[in-house]
Structure formats: C-alpha cells, structure tokens
Amino acid sequence: MLPTYFISHGGGPWPYMTDMRAMFANLEASLVAMTQALPEKPKAILMISGHWERKTFGVQSHSAPGMEYDYYGFPAHTYEVKYPAPGSPAVATRVAELIKGAGFAVDLDDNKGFDHGAFAPMAVMYPEADMPLVQLSLKSNLNPAEHLALGRALAPLREEGILIVGSGLSFHNLGLRGPQAIKPSNAFDAWLQETLLASAPADRSARLVEWDKAPYARLCHPREDHLIPLMVALGAAENGKATCVYHDEGLFGGWTASSFRFD
C-alpha cells in the first residue's frame, strides 16, 4: 500500500530559477528522497493542488494536459517551460467513480492544464516527465471536513498503485515575509507537528477540522487554499503514522515550512 503525502511545494516556478532553486535546496532533497522511499513505483500520481478550485470537485482528464503559468512577476523564460507528463483518462475516471461513490458531485475536466502547484514539485520528483500525472481540484468552499471525507473516499487508490499527493504550503501568507513572519510561522508549525505527529488519529482529524483555532492560524493562512490539500492526504491514510519529511526555517526571511508523509 502506498503512503500519502502533503508537501509544501515552494514558491512559483522555483525549479526553473537558479536563485530560488538554491533557496529551496532542502525541499528539493526531500522531494527526491520521497520518490526513493516509496515501496513501489506508482502507476500514476494524483495531485491535489492548492492552485485549482471549483464549485464542485473536478478531475483533470486529458491524456496530454497543457501548461498553466499561474504566477506573476517571474522571468520571461518561466512562462515558456514545459513539463510534458502524460495524463491518464483511466485514472481520472477511477477517481471520479470513487468521489461519486462518496456522494460528492464531480466532473471530468479535459481543459485543465498543469499548474505550478503540480509541475514545480514534479519537475524535481520526476524530471523526465515520464510519470502519469492527474490533478484533482479543491472544492471552493474549502471545508476541511469535506476534504477529509474526500480523502477517505480516495483511500482505495493506495492499493491500486496511485500515489496521492496534497500540494500546498504549511505557511501561506505572501504579504508576511521577513522577521515578522518568524514567530507566527514557528508557532503554527509547532501546532501542526503536534497535531500530526503526537495526536491519536481521531483527535488529529478533529483538530484539523478546527485548524483555525491554532496559534496564529489566520495570520499564517489568511485563506486556507494551501492548507486544505493536507486534509485530503490525511483523510486517505487517516489511521496511519505521520512523519515529517521536510522542515525548513527562514524561507523568504522568516517562513517555517514542513511536509508530511502518512502511512
């Protein structure tokens, strides 16, 4: 059975920029180690990115998705990069079946391209772009309980060779950088570590549903789009052991960020 992951996916198109790639050297090492630590090579990756939301859940279904350069102010060459991984209509159909079976509305979306929440980490994990990749949207209400339930519905994929990856950031306030971010990001990360690593499974899920009661929660996540992928990853391995597989401090002068594995 494959584990699931919640990854802090870095900033913008960082693998394609020398300075940013250096800043995220620890993240890059963790993503490489992540693929090496898997018990078997996945048949495909299902990526839940904090950069795709719909009113109802959507599953990327094109066999060869295009690119979405959903970032601003970066060098011109980053709007020309290609990550030509194949999609998988068969995996998309299976994912939609599981979601429907759990009572959620879901659509197949053959227009969706790879956003940077997916292609940036994948460019490091599978640089040859030979791993089939399917994206799954968040629901725009960003309800944590619903996304935990979504993860539970997807759990059978772990026995079918599909690696479930929630891609976001454990701290995401783009307007809060430098020293003023140190205290809130450290406090929120400490709460997250305690919740995921030291709490019993039932308590862990209950704490995440009420994540906005954590220290500095709304300062660290003014909008929770980058935290909600964690709910999906945990829901698919709700009774599993959690491990912190990446931890960095001082990003952008003050951010603390972490990634987690569940199995």
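A residue is described as buried when its relative accessible area is under 20%, as exposed when it is over 50%, and as partly exposed in between (1.4 Å probe, protein chains only). Helices (H or I, at least four residues) and strands (E, at least two) are DSSP runs, numbered from the N terminus. The structure is a predicted model, in which local features need pLDDT of at least 70 and side-chain atom pairs count only at pLDDT 80 or more, while totals for chains, interfaces and linings use all residues. Residues are numbered from 1 along each chain as its sequence is written, and side-chain values use heavy atoms, with hydrogens and water left out.

Helix 4 is largely enclosed by the rest of the structure, because 10 of its 10 residues are buried. These residues are H116, G117, A118, F119, A120, P121, M122, A123, V124 and M125. Their covering includes strand 1 (4-8), strand 2 (44-54), strand 5 (133-139) and strand 6 (162-168), together with helix 1 (18-23) and helix 2 (25-36); contact here denotes heavy atoms within 4.5 Å. At the start of helix 4, a side-chain oxygen of D115 comes to within 3.0 Å of the backbone nitrogen of G117.

A nonpolar core is a set of buried Ala, Val, Leu, Ile, Met, Phe, Trp, Tyr and Cys residues joined through side-chain atoms within 4.5 Å. The largest such core holds 85 residues, and I45, Y83, I99, L154 and F262 touch the most other members. Helix 4 (residues 116-125) gives the most to this core, with 7 residues. Beyond its neighbours within four places in sequence, F262 is in contact with residues including P3, F6, R158, L196 and L230.

L154 also belongs to helix 5 (residues 144-154), where P144, H147, L148, L150, G151 and A153 are likewise buried. The N-terminal end of helix 5 is capped by N143, a side-chain oxygen of which lies 3.0 Å from the backbone nitrogen of A145.

Two further positions were examined. A33, in helix 2, counts as partly exposed because its relative accessibility is 35%. The C-alpha atoms of A33 and V245 are separated by 8.9 Å, although the two residues are 212 residues apart along the chain. L176 is placed in the loop between strand 6 and helix 6 (182-198) and, at 11% relative accessibility, counts as buried. Leaving aside neighbours within four places in sequence, L176 is in contact with F171, A181, P184, L219 and W255.

How values were computed
Polar contact = N/O pair within 3.5 Å; in protein donor to acceptor, adjacent residues only side chain to side chain.
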